[in-house]
Amino acid sequence: MCGIWALFGSDECLSVQCLSAMKIAHRGPDAFRFENVNGFTNCCFGFHRLAVVDQLYGMQPIRVKKFPYLWLCYNGEIYNFKQLQKQFGFDYQTLVDGEVILHLYNRGGIEQTASMLDGVFAFILLDTANRKVFLARDTYGVRPLFKVLTDDGFLGVCSEAKGLINLKHSTSLCSKVEPFLPGHYEVLDLKPSGKVASVELVKFHSCKDEPLHAACDTVEALPSAGFDLETVKSNIRILFENAVRKRLMAHRRIGCLLSGGLDSSLVAAVLLKLMKEININYPLQTFAIGMENSPDLLAARKVAAHIGSEHHEVILNTEEGIQAIEEVIFSLETYDITTIRASIGMYLVSKYIRKKTDSVVIFSGEGSDELTQGYIYFHKAPSPEEGAEESERLLKELYLFDVLRADRTTAAHGLELRVPFLDHRFTSYYLSLPAELRIPKNGIEKYLLRLSFEDSNLLPKEILWRPKEAFSDGIASVKKSWFSILQDYIDQQVDDLLLEKAAEKYPFNPPKTKESYYYRQIFEKHYPGRSSWLPHYWMPRWVKATDPSARTLKHYKSATQE
């Protein structure tokens, strides 16, 4: 996890523009480099480093003797860089996994490069010999990337939007900063003036398609095909375990977020099992956050005891949670209601990890709800096919919601996130299964995933079959949810009259509640006029919901109702 930043064709002094690069310093607390491009005085790279691999040669932009005309700035992890080296005979000069991008590009161009990378990435690749600039981002946008391109060819690229919004230029940049689409690469021509012109934007991978790099994965071919239940369950276990195993690549200590729900518990259990297998000689630290005796804390405690992790509990007090709202919204760059609610706990637990432990590479369970139909409203899907379509829609929008939350809340504290549920092989296989296999069954969401691990003894049965808790609710007590605590506080902060006139003040995505109004006010304070970054609020489908919390849905069961 790092922070990348680059400018091409700047009219302003680069030493002034460089101040914008410092807005993302939190993403790389270990080192910073600012480098001009030879022969292009108005083009430069900025890089904030979190040193996870190759302490000696890991600084960027990466340049190697073999390709002196290539400059690479990337944020991510390429899990198959050794397999690609073996397959194509690449001669690496560093231990940096991202060096493979240079070799792939030299061998087969940008299309093959982006398609063959098994991992999470956002990168800027400059080819001065052919005067081309390439941008690319992984399938689910696990690593963030924003860009701004003016009509006269000035290009700014950054891991977070906050590194672009204050750039100086002769023409206005207002409203043009936008997220770079996941699963795409862009080709731009670099002119002698340093300015650029976009040539094409290409989608190189869709979540349903088996990735091109599957041919050189550690699990090359699944032992058996077909959709009979035992085969499917076995394949799910094989691919999930493989997804966790390949993510063990790190020179820094590994930890795991553990809410006590199915997803993080499965990740933690498989992670600990594999760490033992490869003789990692430190205990796995797991981290839970919640109010005293909240459902998440109690469940996480049970899982940690079962798997044998070194467990840490962070007790959330209401005041601390409320005080964090503004810095959370600044980190997130969104005003989405459910994203902000869920981010407060994740932000505070990340803060604890950074201050109190030496864990840096943090595993988490993001992506499972979207992939395996874990949200409670999936019970209301009119048909298995519509459930499957909704699952794909959610996966395509992850970069606006859960993946955004997971990246920004951890990156704000210089941690690197790893999300095995969003492994390309695992997701494409799961989405290839018949729609009726993936729907909730017997009143239980994620039924197939739970069933696949039932005989593994990885988790206690009551955790494996624990009903879905919204993260923002699971951290609170059963009697009063976190979102209702927030609403009580916000009720005092926002006047009724302000809410009545909300649509006049904020015509795009107008706030409908005092809570959403409060978040929007803070967002506009830091990012005025940038509301289009969020195309729509996250809301459940097929139900008449006015609030995204699971607690407002009829299907929701809390311990007090059982």
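Biologist: How many residue pairs are in polar contact across the interface of domain 1 and domain 2?

Modeller: This is a predicted model: local features need pLDDT of at least 70, side-chain atom pairs count only at pLDDT 80 or more, and totals for chains, interfaces and linings use all residues. Residues are numbered from 1 along each chain as its sequence is written, and side-chain values use heavy atoms, with hydrogens and water left out. A polar contact is a pair of N or O atoms within 3.5 Å; within protein, one must be able to donate a hydrogen and the other to accept it, and residues adjacent in sequence count only if both atoms are side-chain atoms. With both residues at pLDDT 80 or more, the rule finds nine residue pairs.

Biologist: Which elements give two or more residues to the side of domain 1 that touches domain 2?

Modeller: Strands are DSSP runs (E, at least two residues), numbered from the N terminus. Two elements qualify here: strand S5 (67–78) and strand S10 (178–179).

Biologist: What area is buried between domain 1 and domain 2?

Modeller: Buried area is the accessible area (1.4 Å probe) that two parts lose on being put together, summed over both. Carbon and sulfur atoms give 57% of it here. The value is about 3,100 Å².

Biologist: Which residue meets Lys 162 in a salt bridge?

Modeller: A salt bridge puts a side-chain nitrogen of Lys or Arg within 4 Å of a carboxyl oxygen of Asp or Glu. The count between the two domains is three. For Lys 162, the N to O distance is 3.0 Å, and the partner is Glu 333.

Biologist: What is the bridge partner of Lys 147 in S10?

Modeller: S8 and S10 pair in the antiparallel sense over two bridges. In one of them, Phe 146 partners Pro 179. On the S9 side, Lys 147 has Val 157 as its partner. In S10, the partner of Lys 147 is Glu 178.

Notes: Helix = DSSP H or I, 4+ residues; strand = E, 2+ residues; numbered from the N terminus. Pairing = 2+ DSSP bridges.
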